[in-house]
Amino acid sequence: MRFYKIFTALLFSSAILSGCFNTPEYPNTPQIEFFDINSNPKLDQLSGVYFDEVVISIKYKDGDGYLGYEQWELDSLEKSDSNTGYNYLIKQFRKSQGKFIEYEGRENNNGYFQRISPEKPGPIEGKISRTIDIIHSFYRYRNDTIRFEIQIRDRAGNLSNTVTTDSVVVNWL
């Protein structure tokens with residue numbers, strides 16, 4: 001009799017818990033939202049160069065889990081000296097006379113991120129953080145207010161929506 005009570009309780013618990021874990025449905029085109037941005041002034045101990053380390057974090061959702069590059073693809077793309085294939089797209093804007101205008105500095109801020117879920121096809125969600133170093137000696141504006149527009153691209157070439165970060169102040173040392 002005791003066995004049947006325990007078995008019934010386990011069966012009932014598993015039925016309730018299995019109903020709690022429905023697979024979410026997202027479109028196959030990635031969707032992103034802004035999460036966080038930080039700017040931290042740093043000093044390179046070796047060269048004595050000051051820079052701002054800007055860390056941008058976004059949340060993502062994707063219906064087919066087809067985000068990011070495998071390591072061998074990243075190695076190939078980074079060796080190719082090509083500006084194509086980026087899957088993390090960034091535009092930088094600086095505040096000038098109260099308006100944000102696009103700023104194209106010396107550095108290309110676009111980049112790559114690794115495959116997020118290589119073994120699991122289907123809906124995924126999570127957070128991606130990317131660090132951008134803004135070197136003071138190459139950046140002529142002091143106490144500058146900047147922000148970014150971010151998009152990501154999946155392996156099928158689908159572009160996400162565009163998100164705009166909050167603004168941060170750089171080159172204030």
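User: What is the accessible surface of the chain, and how much of it belongs to carbon and sulfur atoms?

Analyst: In this predicted model, the accessible surface of the chain comes to about 11,200 Å², and 50% of that area belongs to carbon and sulfur atoms.

User: What share of the residues is called buried, and what makes a residue count as such?

Analyst: A residue is called buried when its relative accessible area is under 20%; by that cut-off, buried residues make up 34% of the 173 residues in the chain.

User: Which pattern do the helices and strands follow along the sequence?

Analyst: The chain has two helices and eight strands, and, read along the sequence, they follow the pattern α-β-β-α-β-β-β-β-β-β.

User: Why are β1 and β5 described as standing at the edges?

Analyst: The open sheet is formed by three strands in the order β1-β2-β5, with antiparallel pairing. Because β1 (31–43) and β5 (124–135) each have a single partner strand, one side of each is left without a neighbour in the sheet. From one strand to the next, the twist averages 15 degrees.

User: How many of the contacts between residues at least 6 apart in sequence join residues at least 24 apart?

Analyst: Taking contact to mean heavy atoms within 4.5 Å, 72% of the contacts between residues at least 6 apart in sequence join residues at least 24 apart.

Note on methods. Residues are numbered from 1 along each chain as its sequence is written. This is a predicted model: local features need pLDDT of at least 70, side-chain atom pairs count only at pLDDT 80 or more; totals for chains, interfaces and linings use all residues. Side-chain values use heavy atoms; hydrogens and water are left out. Two strands pair if DSSP finds at least two bridges between them. Helices (H or I, at least four residues) and strands (E, at least two) are DSSP runs, numbered from the N terminus. Axes are lines fitted to C-alpha atoms, for helices over the stretch in contact, and angles run from 0 to 180 degrees between N-to-C directions. Buried means under 20% relative accessible area, exposed over 50%, partly exposed in between (1.4 Å probe, protein chains only). Accessible areas come from the Shrake-Rupley method with a 1.4 Å probe; for residues, only the protein chains shown count as cover.
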